[in-house]
Amino acid sequence: MAQIIDGKAIAAQIKDELKEKTAKLKEKGVAIALAVIQVGNDPASSVYVRNKKNACAYIGIQSLSYELPEETSQEELLALIQKLNADSQVNGILVQLPVPKHIDEDVIIRAISPEKDVDGFHPASVGAMSIGQKGFLSCTPAGVIQLLKRSGIEIEGKECVVLGRSNIVGKPMAMLLLRENGTVTITHSRTRNLKEVTKRADILVAALGKPKFITEDYVKEGAVVIDVGIHRQEDGKLCGDVDFEQVVDKVHAITPVPGGVGPMTIAMLMNNCVESAQRTV
Ligand code: NAP
């Protein structure tokens, strides 16, 4: 019987630990504030923003909310980011992505001070992670590492295969697995003989954005399968990149969707905010 990795419970545990750390920082007179910027009112983004604010409230982090109209110019957004970069009361700055099309996402990401880049998307943060220096880790991949560690799954020496090479999931995921001494392979849409590669994996991380793509013939018996994908199906239910029902009986451990990787992303964002404040002490 496969171990079902409970991301909801692990994320709750991390948030409780952060709540304690935040209370201790408060005793020392250190308050934590996260600036959350949303441009426009995309419904999915609004849900993510609300969840992030709720997590802040639970932990004791002040969330400073900036809800800007869709027509906000890039210059106006950059001016706000510069103001927040200079504000010593602000520990983290988060711009909810995607931003409207007239705004260049890369310019916005680069404008956020690496000291406050709690999403871990700034090139300086990515570079620091790649060479093992201190910096904020990209939240979803960092969450996957926590899921593995806190579920007692060893990464060192294991064959790890990451499906997907995006800047926010696939690439940082591979880097973090490497940092944990995994033997890492990254696959993508041009990979040949994909099934042969994925079947080598002791730990398979699916982040390719294709609903139920990973069926049991992609997976080695006894593997650990981490499903980063999130998709809304026609019946309204969520599913991942992995066909959970097909794969579950073959694997040692697996994350469900929902309730696997999803809740970890916000928990790791909160972790980065607390770390940012700790650096000021
Ligand atoms: P993305 O930017 O669309 O990247 C998808 C990657 O998968 C690309 O590198 C692509 O290869 C690769 N790919 C696509 N089709 C493939 C195929 N048939 N075989 C092998 N590789 C293939 O997606 P993303 O932003 O990384 O997100 C991936 C999934 O994770 C999505 O479902 C997203 O909703 C979800 N997600 C979840 C969280 C969370 O908090 N749980 C956070 C972020 C994302 P090429 O590079 O060659 O095109």
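These legends describe close-up views of a predicted model. Local features need pLDDT of at least 70 and side-chain atom pairs count only at pLDDT 80 or more, while totals for chains, interfaces and linings use all residues. Residues are numbered from 1 along each chain as its sequence is written, and side-chain values use heavy atoms, with hydrogens and water left out.

**View 1. An open sheet of six strands.** The order is β1-β11-β8-β7-β5-β6, with parallel pairing. Strands (E, at least two residues) and helices (H or I, at least four) are DSSP runs, numbered from the N terminus; two strands pair if DSSP finds at least two bridges between them. β1 (3–4) and β6 (183–187) each have a single partner strand, so one side of each lacks a neighbour in the sheet. Helix α7 (residues 170–179) packs on this sheet and touches β5 (159–163), β6 and β7 (203–206); touching, or contact, means heavy atoms within 4.5 Å.

**View 2. The pairing of β8 with β11.** Two bridges join β8 (residues 224–227) and β11 (residues 253–254) in the parallel sense. A253 in β11 is the bridge partner of V224.

**View 3. The pairing of β2 with β3.** β2 (residues 33–39) and β3 (residues 62–68) are parallel and share seven bridges. V39 stands opposite L68 in β3.

**View 4. The contact of helices α1 and α2.** K15, D16, L18, K19 and T22 of α1 meet A55, Y58 and I59 of α2. By class, this contact has four nonpolar residues (Ala, Val, Leu, Ile, Met, Phe, Trp, Tyr, Cys and Pro), three charged (Asp, Glu, Lys and Arg) and one polar (the others, Gly among them).

Terms used: Axes are lines fitted to C-alpha atoms, for helices over the stretch in contact, and angles run from 0 to 180 degrees between N-to-C directions.
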